[in-house]
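Welcome! Here is a short tour to read alongside the sequence and the 3D view.

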Amino acid sequence: MENQAKIADFDSILESRGVTRRDFLGLCASIAAAAGLSQMAIPRIAHALEESVIGAKQGALYPVIWIEGASCTGCTESFAQIETPDVGAIVLDLISLNYSETLSAAAGHSVEEAKAQTIAAGNYILVYEGAVLKAFEGNALRVAGEVGTSALVEAAESANAVVALGSCAVNGGWCAAHPNPAQAMGVQQYLEEVGVEATVVNVPGCPANPEWLMSILVDVVVMKDVSLLLDRLNSENKPDDIFGQTIHDNCERRGHFENGEFVYKFGSEEEAKGYCLYPLGCRGPQTKSNCGVVLWNNRRSWCVQAGAPCIGCCEANPANPGDNWVQVNTPFYKRMRDLRIGDWLVQPTVIGVGLTAIVAACLVVHGFGMKLTGRMDGGAPFEKIRKWDAKHPEKSIGKYDLTPEERQALAEKDCGHAVSLDETRGGQS
């Protein structure tokens, strides 16, 4: 009876938002897919959501702290503009965003107190957006008068999990591109350097897809099981179900790639036919992400479907700030990345053309040298008969138009001497 009453209360909450029971079960299926779970998990997710939302009305919201590092706040913008009713609306009702430097900026001192109280109480998730800046003893970034690195360490030490959201948070992103004067790096690398043990989940992207963060919140908030989240992580602490395959693997233009049908110029007939964008600098074959499956803007479209080559914004090695997507993939619409020689940037094609020109020039000089020395006049003398055949006429392999007298004369000659064509008559067949 009590359980039926809870379900009725939950259904009334959904109805007030224009969500039917059928829609809700569809959302549970989406959550299962986003979290990498089988369809058998849908009833469990539905029950967890019902319990959590009812509990949320009694103040049982899961605390979340969202800290900004060096960023453009694009990941916050991406997540905040989720439409309703969908998975995001449900998940957001399960968390208490106790601190967000972007969304709560106008609150001032009071929101800083809320952060301190949340950290003291523990049992929360830390979402860190943006790069960690080490330069000038951490003073390259200060928030509310506090050194940026200190704010990260303080919040990470007591968190149940730390989500490094966006490529900047994973390995410094565009902030870490050469020459990186602020010594930007990712959350995981910095926490390891300062000896803070924390469960870091790396979610690259510029910005990160909001559904990726939602799937992580499902594991920790709804399912209340951090082990589920840990089981999803690969060697780079990225959810393998999200970042385990390349964009090229699931690209809708893959068939054109296999058929050798490519776009070489924007505005061309090939572009209108939806051919593969690889020659225009698409980084899909080297970038691991499920963008082509999850899509963007509430599953409306994604970069390649909209006609733009993938620029590889999910490429981020958490152990190497120099392996960031900007430095690795620019210039974006060129097939080859720039090679850096000191402060000099050059395309590999320029080096190839330069080496070809040098080789061609050397061949021309060599030809003139041969002509000046006379080595090209008259040609080189050729042997009339093979050395071995001349010594062993009875076992001769080659066939020669020679009289017995000519053959005998050749055999008596010094076989190391090349016999010219005008010394004897006939020729080798």
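Helices (H or I, at least four residues) and strands (E, at least two) are DSSP runs, numbered from the N terminus, and two strands pair if DSSP finds at least two bridges between them. This is a predicted model, in which local features need pLDDT of at least 70 and side-chain atom pairs count only at pLDDT 80 or more, while totals for chains, interfaces and linings use all residues. Residues are numbered from 1 along each chain as its sequence is written, and side-chain values use heavy atoms, with hydrogens and water left out.

**The chain as a whole**
- The protein chain holds 19 helices and 11 strands.
- Of its 429 residues, 45% are buried; buried means under 20% relative accessible area, exposed over 50%, and partly exposed in between (1.4 Å probe, protein chains only).
- The accessible surface of the protein chain is about 22000 Å², and 55% of that belongs to carbon and sulfur atoms; such areas come from the Shrake-Rupley method with a 1.4 Å probe, and for residues only the protein chains shown count as cover.
- Among contacts (heavy atoms within 4.5 Å) with a separation of 6 or more, 68% join residues 24 or more positions apart.

**Strand β7 and its partners**
- Strand β7 (residues 161-165) is mostly covered, with five of its five residues buried.
- Ala161, Val163 and Leu165 point one way from β7, while Val162 and Ala164 point the other way.
- β7 pairs with strand β3 (residues 125-129) in the parallel sense over five bridges, and there Leu126 stands opposite Val162.
- β7 also runs parallel to strand β9 (residues 200-203), joined by four bridges; Val203 in β9 is the bridge partner of Leu165.

**Helix α7**
- Helix α7 (residues 148-157) is mostly covered too, as seven of its 10 residues are buried.
- Its buried residues include Leu152 and Val153.

**Salt bridges**
- The whole structure has eight salt bridges, each being a side-chain nitrogen of Lys or Arg within 4 Å of a carboxyl oxygen of Asp or Glu.
- Lys238 and Glu236 meet through their side chains at 3.0 Å, N to O; Lys238 is buried at 7% relative accessible area, and Glu236 is partly exposed at 28%.
- Salt bridges that share partners join Glu112, Lys115 and Glu146 into one network.
- The closest N and O atoms of Lys115 and Glu146 are 3.7 Å apart. Lys115 lies in helix α6 and Glu146 in strand β6 (residues 146-147), so this pair ties together parts that are 31 residues apart in sequence.
- Lys115 counts as buried at 5% relative accessibility, whereas Glu112 at 21% and Glu146 at 22% count as partly exposed.

**A loop residue, Ser289**
- Ser289 is found in the loop between α14 (269-272) and α15 (291-294), and is buried with a relative accessible area of 2%.
- The side chain of Ser289 reaches the backbone nitrogen of Cys291 at 3.4 Å, a polar contact (a pair of N or O atoms within 3.5 Å; within protein, one must be able to donate a hydrogen and the other to accept it, and residues adjacent in sequence count only if both atoms are side-chain atoms).
- Leaving aside neighbours within four places in sequence, the contacts of Ser289 include Trp212, Phe243 and Cys314.
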